[in-house]
Amino acid sequence: MSATAVHPGGGLADHIHPEPQGFVKRYIFSLDHKIIGIQYLITGFVFFILAGLLAEVIRTQLLTANGGFVSPDVYNEVYTMHGSSMVWLVIIPLITGGFGNVIMPLQIGARDVAFPWLNMISFWIFPVAGLMLYSSFLMGAPVAGWTEYPPMSLQAGPGTSMWAAAIFLIGVSSTLTGINFVVTMYQMRAPGMTFTRMPLFCWAQLATAPLLMIATTALAAALAALFIERQFGVPFYDPTKGGSPVMWQHMFWFYSHPAVYIMVLPAFGMISEILPTFARKPIFGYKMIAFSSMAIALLGFMVWAHHMFTSGLAPYLQLPFMILTFLIAIPTGVKIFSWTATLWGGKIHFTTSMLFAVGFVGLFAFGGITGVFLAAVPFDWHVHGTYFVVAHFHYVLVGGSLMGIFAGTYFYFPKMTGRLMNETLGKWHFWLFFIGFNGTFLPQHWLGMLGMPRRVPEYDPQFQFWNDFSSISSYVMTLSILLFFINALYSLRNGKKAGPNPWGGRTLDWQIPSPPHYYNFKHIPTVYGLPYNFGQPLPYKGLEEELTDSPVHVGAH
Amino acid sequence: MAVASLPHGTAGHDGVDQLYADTRALRLQGMLLFLVSDCILFSSFIFAYLYMRNSGQGWPPPGISRLDVAFAALNSVVLFGSGATMHYALENWKHNHFGRYAFFMLATIVLGIGFLSGQGYEYTNLIYKEHVTWSGSGIFGASFFTLTGMHGFHVSVGVLYLIILFLQSVAGVYTKDKYFGLTAGTLYWHFVDVIWVVLFSIFYLI
């Protein structure tokens with residue numbers, strides 16, 4: 001490699017080390033960020049199937065007002081495990097460890113993340129923690145909901161300790177990933193890629209990584225205290241021994257509110273890549289989208305107590321938490337506005353990925369608006385602990401994060417596998433999912449307004465019609481997800497060959513072969529501008545040999 | 001990790017090759033971020049302690065006497081002293097004075113063990129003379145033993161870490177220009193010191 005390609009922080013970036021040999025080193029204990037990312041995706045989707053089945057148990061139970069599908073005790077276990085798995089084993093690993101690992105180093109023009117070994121360890125903690133969590137079914141799974149408020153979580157069976165240990169471990173994995181990503185993005189960007197030229201997906205990961213690092217450790221402390229109290233009787237949360245159950249709520253939500261942004265910011269990032277690509281137009285307000293992610297991450301740490309308006313929080317604290325929460329609507333609104341303006345006047349290609357991206361914008365905006373409702377103290381008093389809350393966060397997490405994950409899967413599947421997913425099946429997936437999703441969760445808003453509490457196995461017969469509507473719609477949603485898995489498995493072998501850049505993307509990841517070589521780039525390119533200026537020449541130099549058969553100088557400069 | 005074993009590198013300033021400079025920058029930032037997240041772990045428990053302390057039953061709670069400030073202060077001096085010796089150890093390494101480095105490094109390890117012994121003595125006194133225990137003394141025992149125990153665990157890990165670093169430096173793993181391990185060890189040790197400043201203040205002084 002020529003000496004001119006050496007960048008200021010250079011020796012590391014320019015070095016290609018020999019390809020690992022053997023199946024185990026290449027695909028099991030791989031150090032390659034792309035393989036590790038795909039491992040995250042596969043594991044995450046397996047847990048997604050389990051969590052989805054649990055969701056269907058919930059909806060089937062609620063088909064009739066008297067329940068009867070499972071016993072009330074089992075029902076408690078089912079919704080607790082559904083929530084815990086969806087948050088910690090599905091969405092967070094898929095969207096940070098999965099897509100973050102596969103795409104982020106490619107987009108910044110790096111050969112790998114900063115600490116490949118740490119990355120491998122982060123991944124392998126995840127399936128172990130997942131199995132630990134599911135093993136709690138054998139000893140009486142946790143029953144107090146995914147939030148596990150004491151004193152109930154102190155009184156439940158041994159599965160709750162297992163829950164705490166498993167979530168603690170998955171938190172360690174998240175923290176390590178966060179550290180890894182921050183260092184990678186700070187130190188390993190290609191020459192010329194200043195922060196204000198970095199693709200928006202990377203900006204989203206840059207906003208998310210500190211949340212992973214800081215918020216998750218706070219949760220670790222809360223979980224450790226819960227575990228210690230349950231196993232050794234050391235009082236933290238038990239009010240009869242001087243502890244405080246409200247303290248758990250503070251510590252839990254200090255993590256779990258930022259966790260909402262951990263789950264949705266990377267989806268924002270993917271949407272910001274997909275919309276300009278399929279509208280064939282520069283993204284509107286690049287800097288505003290980038291900085292609003294940072295603003296959301298920062299504000300996310302200051303609003304946790306809005307989950308606790310009915311927990312005896314002092315009135316003089318309720319007002320600032322309400323106002324700070326309202327403030328988050330501003331950077332979020334900036335994003336929604338920028339995305340809409342990106343579409344305006346664009347030449348829009350409605351691929352499956354684009355459908356999911358546009359669907360995301362609408363559904364997330366809807367969920368965001370009900371979030372503003374809930375932030376208002378008097379309204380929250382009325383609907384706290386009802387199905388309104390359930391509907392709200394499913395609009396944000398399913399209509400938002402999960403739609404983002406689907407959009408990202410259709411978008412990046414060709415980069416990861418070299419083959420396109422089937423568009424016809426994909427469009428069936430989108431429309432069935434979109435209709436099924438809205439049918440499932442839209443009625444829950446008025447069920448909640450009318451006073452149907454969440455987490456109950458039986459309910460007042462007056463709510464029967466809309467619950468049936470919701471359950472039947474959820475079966476449609478499940479069917480659509482089945483189509484998605486069939487599509488992915490089918491396309492893995494039989495999909496159309498994608499070529500390096502099937503969508504006409506302009507970020508660095510699209511300028512190299514699909515799937516990329518283990519070393520990503522033959523030569524680290526130099527970056528001269530923003531990636532989103534459609535219609536102008538690409539702002540990169542040094543990519544000429546990427547798609548040719550020119551040899552790679554392994555272990556040399 | 002592959003990067004560390006690479007023999008190649010473009011010659012940079014001061015004869016340190018560029019590859020090492022890059023690796024060092026990555027690891028330094030990684031280490032600092034790890035310490036940040038560790039700091040949050042302590043902060044969360046400190047929050048829990050202050051929250052429970054302010055729950056209205058007075059502090060220390062009825063039936064428990066105040067902690068012995070004099071002994072803890074002496075023990076703190078031992079730990080802060082070890083921070084100073086650690087600093088001199090690294091400085092002497094940078095200036096290639098191996099003998100003085102070894103002296104200060106061993107002094108740090110001895111002082112670290114001294115602090116842990118002091119903590120052990122204090123625990124023994126509390127548990128056997130004053131009958132204050134982890135699980136049997138309400139929120140006082142819970143917060144005191146959890147936080148100081150967590151800190152003590154960090155000191156123990158630190159002592160082991162320093163012993164390993166010392167053996168590595170004797171075995172010639174580090175050179176005058178390439179000594180990231182020693183930098184990381186020093187950072188960790190200072191971090192543990194700083195945490196103790198906070199714990200000492202909130203448990204013994206206020």
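Reader: A crossing is left-handed if the near helix is turned anticlockwise from the far one by less than a right angle, and right-handed if clockwise. Which kind does α15(A) make with α16(A)?

Author: α15(A) passes α16(A) in a left-handed crossing. This is a predicted model, where local features need pLDDT of at least 70, side-chain atom pairs need 80 or more, and totals for chains, interfaces and linings use all residues. Residues count from 1 along each chain as written, with chains lettered from A and ligands numbered from 1 in written order.

Reader: Where are those two helices, and at what angle do they cross?

Author: In chain A, α15 covers residues 423-449 and α16 covers 464-494. Helices are DSSP runs of H or I, at least four residues, and strands are E runs of at least two, numbered from the N terminus. Their axes come within 7 Å and cross at roughly 155° (lines fitted to C-alpha atoms over the stretch in contact, with N-to-C angles from 0 to 180 degrees). That makes α15(A) roughly antiparallel to α16(A), a label for angles over 145 degrees.

Reader: What kinds of residues sit in that contact?

Author: The contact of α15(A) with α16(A) has 16 nonpolar, 11 polar and no charged residues. Charged means Asp, Glu, Lys or Arg; nonpolar means Ala, Val, Leu, Ile, Met, Phe, Trp, Tyr, Cys or Pro; the others, Gly among them, are polar.

Reader: Zooming out, how many helices and strands does chain A have?

Author: Chain A has 16 helices and 2 strands. Its C-alpha atoms fill a box of roughly 70 × 50 × 45 Å along the principal axes, and buried residues make up 57% of its 557 residues.

Reader: Okay, new topic: is A:F99 buried or exposed?

Author: A:F99 counts as buried, with 28 C-beta neighbours inside 10 Å (20 or more is buried, 12 or fewer exposed, in between partly exposed, with C-beta atoms placed from the backbone). A:F99 is found in helix α4 of chain A, residues 72-107.

Reader: And what does A:F99 touch?

Author: Leaving out residues up to four places away in sequence, A:F99 touches A:G37, A:L94, A:P266, A:M270, A:G408 and A:Y412. Contact means C-beta atoms, placed from the backbone, within 7 Å. A:M270 is 171 residues from A:F99 in sequence, but their C-alpha atoms are 8.9 Å apart.

Reader: Last one: how many residues does each chain give to the contact between A and B?

Author: Chain B gives 36 residues and chain A gives 39. On chain B, α1 (18-53) and α4 (138-170) each supply at least two residues of the side that touches chain A. The largest share of that side, 19 residues, comes from α1(B). By class, the chain B side has 20 nonpolar, 14 polar and 2 charged residues.

Conventions. Two residues are in contact if their C-beta atoms, placed from the backbone, lie within 7 Å. Angles under 35 degrees count as roughly parallel, over 145 as roughly antiparallel, 65 to 115 as roughly perpendicular and the rest as oblique.
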